[in-house]
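Hi everyone, thanks for making time this morning.

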Amino acid sequence: MAEKVNMMNLSIQTNPTQSLHDEAHELRKEILEVLYQTGGGHYGGCLSVIDLLLTLYRTQIKCNPAFATHPNRDRLILSKGHAALALYAVLKKLNFHQVPLDQYADFDSPLEGHPDMTALAGIDFSTGSLGQGLSVALGMAYSLPKQVKIWTILGDGECQEGQVWEAAMLAGNMKTSNLKAVVDNNHFQEWGWAEVDDQIPPPVSNFRDKWQAFGWHVIECDGHNFDELIQAFQAMGEVQDKPVVLIANTIKGKGVPLIEKAPKKFHCNQVDQEEHTRIMQEYRS
């Protein structure tokens, strides 16, 4: 029998001793150290998405580690599963698990290269194949009670996948209002770099128009401005008549000038000691 828990008790409280800015700064530093220690990984995407994940869990998602399997908890699907380390860092900060982050991608570690729902508490779906997260989120949103919100975070590059727009079309037609999508719109992807007049165009253009054409309510904000994010997530939670998407405009490699300037190189890479030292010296938020 499911535990009788007030829905408000499922909410994660904000940290009274740290601002979101300070928490995010701390988490970015952890990510940078772990990726260096464990032989590299997805620097750019982890650093662009961390503010979205932290703010979402701290201010909107109703899913408390004390009731991590409650049937009426909100769900989060990290469709851009290659940024798993960012999710692991946030979940550890919020006490969903206490696995040392330096076990990331180790053999037999629950902190796999992509999220595994069978290996770690707080993971609502196993992701890795890009383009599938929104379809799964739609299925959850349709089958679960309307008060349960299903959040999914996509990368802008994976929005080139046809499956994303098939799910978007169906969700719009069904007016699945408890489905909430967030696009980490960092403007770069690993493959498919087509330079035009020495400029690299974004993976998907006219995002707002495309989502609106599929019947979604669209919100857009600076994905690194915590006040804007809090307002945007609150507004998303209040939409009752259709699915809603937040286009969060972010910077790939946010906080580290060396990575920000070379998003292609640091999409997934390892660094030597000299580069790591420079990264940590330059690190800002």
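Let me begin with a question: does Asn64 count as buried or exposed? At 17% relative accessibility, Asn64 counts as buried; here buried means under 20% relative accessible area, exposed means over 50%, and partly exposed is in between, with a 1.4 Å probe and protein chains only as cover.

Before going on, a word about what you are looking at: this is a predicted model, where local features need pLDDT of at least 70, side-chain atom pairs count only at pLDDT 80 or more, and totals for chains, interfaces and linings use all residues. Residues are numbered from 1 along each chain as its sequence is written, and side-chain values use heavy atoms, with hydrogens and water left out.

Back to Asn64, then. You'll find Asn64 in the loop between α2 (43–59) and β1 (75–78); helices (H or I, at least four residues) and strands (E, at least two) are DSSP runs, numbered from the N terminus.

Now to the charged pairs. How many salt bridges does a search of the whole structure find? The search finds eight, taking a salt bridge as a side-chain nitrogen of Lys or Arg within 4 Å of a carboxyl oxygen of Asp or Glu. One of them joins the side chains of Arg28 and Asp51, at 2.9 Å from N to O. Arg28 sits in helix α1 and Asp51 in helix α2, so this pair ties together parts that are 23 residues apart in sequence. Both Arg28 and Asp51 are buried.

Another pair is Glu220 and Arg208, whose closest N and O atoms are 3.6 Å apart. Glu220 belongs to strand β4 (residues 217–222) and Arg208 to helix α6, so parts twelve residues apart in sequence are tied together. Glu220 is partly exposed, at 39% relative accessible area, and Arg208 is partly exposed too, at 31%. If we leave aside neighbours within four places in sequence, Arg208 is in contact (heavy atoms within 4.5 Å) with Val218, Ile219, Glu220 and Ile247.

Let's move to helix α9, which spans residues 273–282. Which of its residues are buried? They are Glu275, His276 and Ile279. These residues cover an arc of only 100° around the axis, which puts them on the same side of α9; the arc is that of the directions from the helix axis to the C-beta atoms. Their cover includes α1 (20–37) and α8 (257–260). On the face turned away from that buried side, α9 carries the exposed residues Gln273, Glu274 and Gln281. At the start of α9, a side-chain oxygen of Asp272 comes to within 3.2 Å of the backbone nitrogen of Glu274.

Lys265 lies in the loop between α8 and α9, ten residues from Glu275. Glu275 is buried at 19% relative accessible area, whereas Lys265 is partly exposed at 40%.

That's the tour, and I'm happy to go back to any part of it.

Key:
Polar contact = N/O pair within 3.5 Å; in protein donor to acceptor, adjacent residues only side chain to side chain.
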